[in-house]
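Subject: Structure handover

Hello,

Here is the structure I promised to pass on. Please open it first; my notes follow below.

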Amino acid sequence: MPTIRHWNRAYCTPRLRLQSRPTWAPSIHLARRAWASTKSLDDKMNGHIELAPNESILWFDNLFPLGLSRLLRWPGHSPQNDLPGLMKRFENPSVGILDPVRAIKRTLSKGVPVTVTEIVPRSKDGGAFVKFTHSADISAKDVEAAVSKVLTENPIKPFYSPFRGVQAGLVKGIPWLEDLQRFPKNRLRVEFVPKNPGEEPVELAQEILYSLFRRYGFIAEISSQPWDSKVLPKYALVDFGFLRDAIMARNCLHGFVVSEELGGGKLGTKFRISYERRTRPHRIWDWLTNHPRIVIPVLVALLTGVTVVVFDPIRSFFVRAYISRKYHLSNSRAYRWLRQQTSDIFALRRGGDEQAGLNAVWSHRKDIIEQIQTWLMETAETFIVVQGPRGSGKKELVLEQALKDRKNVLVIDCKQIVEARGESTIIKKMASQVGYRPIFSWANSMSSMIDLAIQSTTGVKAGFSETLDSQLQKILQTTAEALQTLVLDNRPKDDTDASLPPDAYLEAHPEKRAVVVIDNFVCRSENNSLIYEKIADWAATLVQTDVAHVVFLTNDSSYTKVLSKSLPDRVFRHVALGDLSPDVARGFILGHVSGGTTSDEKKDGGESPDTKEGQEVAKSPDLEGLDACIGTLGGRLTDLEYLARRIKAGQSPQQAVAEITEQSASEILKMFLLPGRTTGDGEHKWSMEQAWCLIKLLSKDDSLRYNEVLLSDTFASSLTAPDGEAALEGLANAELITVRSRAGRPRSIIVGKPVYQAAFRQLAADKVLAAKMELARLKELVKIEDRNIDKAEKELALLGSLPNQPWGTRDRVQYLTAKIDKAQTKVDGYEKELGQLKKVLSSQY
């Protein structure tokens, strides 16, 4: 055992022997030797410091910077050996005061009667263990008190810790000299283990822990082990306010045995202390998850804001490009040049034929075209409505004539939108009509499911899903903004009004406004009324803000019900298109037929005039009886075009009209007279018997009185479609009939298309079909009369059950009796007719 000399020589050389004469080395050498541990390598392996009698250990804190040891660690190396190597770079004679061993020396040399026997630096904990011997008349606590007094009177503050000086504490337990990758934390895990194996430890209360640990620094919290925890050994968590305090407490109390006097039980309880990483409280996440009523609406608002910022400019760009057709292939110079060069090669005869036939129609309707063009030059804030039956050429008249060479024209076809099934399909169709993209129609159903799930769990509607109304409003609003931007961006710079505000410029230049054409308005008005209302309100906004002119194309006279809600204080500008007159219809057909001959003559320009005249006579179709055929077919533009094509194909007018009539009769039979076409299918408001009644009556007369039809038994007392007016409205919307009005009230009923007059006669002339339909109609009338008889008989039975017949019941009884007699007479007549009809069905094919 080596003999330890006095402190002034023994502190720097480990375990000096007596025969070796101690000599002082230079300061830099002393510092380098002082940094090395005075504990041999073999002694280090057990991880503890052995103590002899009258020996104790002091822990000196804040000798090394803590963060530096973390930067110097790598696999296979210990920070304990690396940090002294780095600190040696700062050791020179001028900064020798930074030597931690010199700080310990100065502290222990000022009136502290101890002899240092061993120094164990712990760079990971930022301090060192100092083992010393003391005389028997001085206790270790007295040494601790003396050292603490010296450090208080003469504080030592390293350069890396100017606010906290070096502190010392007596090690009461057994320190563990480990070199594991465990670094100090503010939280200490204090485990209660037995003093000797097999004994029962005691779980200490928080008051006892506080009294033992508080002397080392401020304690933020002491947490005992949960009562239902089955983790062994029992433990408690001590949270210090400062990291250095936790390090000192751990190094001084690790392995400390709490005696019975201190509350450790009869056998004592030993501390096993380790650092534990504090679980960071997810306060923000916990608050977010615990307040869904606030978080979810805010999240929806943020997502909406991102969508507006990111996608709205893109969608507005696509809408402007769709309306202006700026990037369309047909507007490119290369396409136009190629079309001019190849016009002779790929010339289509069909286009010339149609244009030749339509020229006669446009000449006849020149006044209407000019009237619409004049309205488009005015500043009136109202709608332009072009009404006419289907096939009257409304769309062609407006787009190809009135709006010819007009820029910024948007066409919206309501038929495609209202015929879509499902909200997502409706949104997709509406977006495609205005060029609104990108559109995530599939996201609406997913958002609805997410919204429903959140509402079922939290009780709050998240608002992720949007209603059909809101999405249509968003599409139309973006389109309105794009229309205004498109018009204002095309303002000429040299225009005197170019500096005006947008509203003033649009009001001063109505000819610069965009034009929105809404086709097939109020098509199937009984369904999807929301779509028509949204479009009407949006159109009213466009005309009131002078953004665009709005032209409605409709074949339904009930359009005023929808438009009047949007503009109740405006008078609409109305144009009615009817069937062509016989002269115009003849000119249309002749122009259509002669257009092909003219085109052929252009191709055969090299032939002689005699040859051309011969070919013209040879190719000229037979037009005998054309006037009579036009009278049968009427002046509907689509039917006349169909007739002209058949005549050009080589058919005679009589053959063409016969085929057109036959086809129309087949369509009527399929759409109106097949079983099941009743109000019960949820789509129609009329019955098969009511449709046949009108066909039969109109085959005899060109016009029917509206109220007379309503008072007939088939419409007034129908069992399947009791609402007669709704049935007539449904048949008019289906274009079987046309209801004419006068002074705002329905007046008469005529056929829906002129060709239907001949088709009705053809259907009524079919004896088997007429017998079958009359049989169904009469059976329904018999049921109606039987129901009336049954009702009257029940009332008579009730009157007869009265004990005393009141005087006033005599007239009622006579009325009911006459009603029963009248109904029975009708039933007898119906039965006779039914018998005759059955004979026809059984005898004819």
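Start with a helix pair. The crossing of α33 and α34 is left-handed. Bear in mind that this is a predicted model.

Two packed helices are described by the angle between their axes and the distance between the axes. Here, α33 covers residues 767–800 and α34 covers residues 809–843. Their packing angle is about 160°, and the axes lie 8 Å apart. Angles over 145 degrees count as roughly antiparallel, so α33 is roughly antiparallel to α34. The contact of α33 with α34 has 20 nonpolar residues, 13 charged ones and three polar ones.

Next, the backbone. Most residues other than glycine have a negative phi, and most peptide bonds are trans. Some places here depart from that.

Cis peptide bonds:
- Leu 232 and Pro 233 are joined by one, with omega about -5°. Pro 233 sits in the loop between β6 (219–224) and β7 (235–240).
- Arg 437 and Pro 438 are joined by one, with omega about 5°. Pro 438 sits in the loop between α17 (423–434) and α18 (442–458).

Positive phi:
- Asn 54 is not a glycine, yet its phi is about 65°. Look for Asn 54 in the loop between α3 (41–44) and β1 (55–61).
- Asn 408 is not a glycine either, and its phi is about 60°. Asn 408 lies in the loop between α15 (394–402) and β11 (409–413).

Are these two asparagines buried or exposed? Asn 54 has 42% relative accessibility, so it counts as partly exposed. Asn 408 has 11%, so it counts as buried.

Best wishes

Definitions and conventions: Residues numbered from 1 in each chain as written. Predicted model: local features only at pLDDT ≥ 70, side-chain atom pairs only at ≥ 80, totals over all residues. Heavy atoms only, no water. Axes fitted to C-alpha atoms, helices over the stretch in contact; angles between N-to-C directions. Helix = DSSP H or I, 4+ residues; strand = E, 2+ residues; numbered from the N terminus. Parallel < 35°, antiparallel > 145°, perpendicular 65-115°, else oblique. Left-handed = near helix turned anticlockwise from the far one by under 90°. Nonpolar A, V, L, I, M, F, W, Y, C, P; charged D, E, K, R; others polar. Buried < 20%, exposed > 50% of the residue type's maximum accessible area, 1.4 Å probe, protein only.
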